[in-house]
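Subject: Structure handover

Hi,

Here is the structure I promised to send over. My notes follow below it.

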Amino acid sequence: MSSGITACAYSARAAEYTSLFGSISSTSTDDRVLVQDWAGSLEGKVIDAGCGPGQWTHFMHSIGVDAEGVDLVPEFIETARQRYPAIPCRLGDLKDLPTPDQSLAGILAWYSVIHTPPEDIGAVLDEFARCLRPDGGLLLGFFEGVTLEVFPHAVTPAYFWPVQDMAARLQDAGFTVTSTHSRADPGVRPHAAIVARRAKP
């Protein structure tokens, strides 16, 4: 599925999405701890890639991180700018982030690759690797599955990924996986997160 189709699908439901998920209070305590520990360990600029209405960008900013939000959806960027005027947020594609080579300390990609087809995931991870300085950090959140398969997400089709498959794709893109996290809370889809570092030359 193209990024344009995904952007249009979220544009049509941006207000609904923001109402349901646009507050940090709607997130898991475990996720907040993970993001805080990860982001707090970085020194330098961090991009929230696929920031939506900006709740994670603001969260990182509130703990002293130099965070910027990037998203495909104009309605999300407008909302983020209105809510958090002190935090930079701009339009951008995960395959073409608006940042120079090796300029970032970290990238948070929290559920922003869930709609990316498996044949396109390599291009996204390569772009993340381009933007991160050597030893820069990546935190990737996604839906975990026993097998790699598509499912009918409420907004637009998304994918379940086995942790080992996503970790292998990261390694192919030049990352070293440092930790993995899985959780299956009642009533929601299984969650996974991978913490990785951009390999040094």
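Which backbone oxygen lies 2.8 Å from a polar atom of the side chain of Ser112? That of Ala49. Bear in mind that this is a predicted model.

Leaving aside residues up to four places away in sequence, Ser112 touches Ala49, Gly50 and Leu94.

Next, the helix pairs. Two packed helices are described by the angle between their axes and the distance between the axes.

Take helix 3 (residues 29-40) and helix 4 (residues 55-62). Their axes come within 10 Å and cross at roughly 55 degrees. That makes helix 3 oblique to helix 4. The crossing of this pair is right-handed. Helix 3 brings Asp31, Arg32, Val35, Gln36, Trp38 and Ala39, which meet Trp56, Phe59 and Met60 of helix 4. By class, this contact of helix 3 with helix 4 has six nonpolar, one polar and two charged residues.

Then helix 6 and helix 7 (residues 163-172). Here the axes come within 9 Å, crossing at roughly 45 degrees. Helix 6 and helix 7 are therefore oblique to each other. Their crossing is right-handed. Helix 6 makes the contact through Pro118, Ile121 and Leu125, and helix 7 through Met166, Arg169 and Leu170. The residues of this contact divide into five nonpolar, no polar and one charged.

Best wishes

Notes. Residues are numbered from 1 along each chain as its sequence is written. This is a predicted model: local features need pLDDT of at least 70, side-chain atom pairs count only at pLDDT 80 or more; totals for chains, interfaces and linings use all residues. Side-chain values use heavy atoms; hydrogens and water are left out. A polar contact is a pair of N or O atoms within 3.5 Å; within protein, one must be able to donate a hydrogen and the other to accept it, and residues adjacent in sequence count only if both atoms are side-chain atoms. Contact means heavy atoms within 4.5 Å. Axes are lines fitted to C-alpha atoms, for helices over the stretch in contact, and angles run from 0 to 180 degrees between N-to-C directions. Helices (H or I, at least four residues) and strands (E, at least two) are DSSP runs, numbered from the N terminus. Angles under 35 degrees count as roughly parallel, over 145 as roughly antiparallel, 65 to 115 as roughly perpendicular and the rest as oblique. A crossing is left-handed if the near helix is turned anticlockwise from the far one by less than a right angle, and right-handed if clockwise. Ala, Val, Leu, Ile, Met, Phe, Trp, Tyr, Cys and Pro count as nonpolar, Asp, Glu, Lys and Arg as charged, and the others, Gly among them, as polar.
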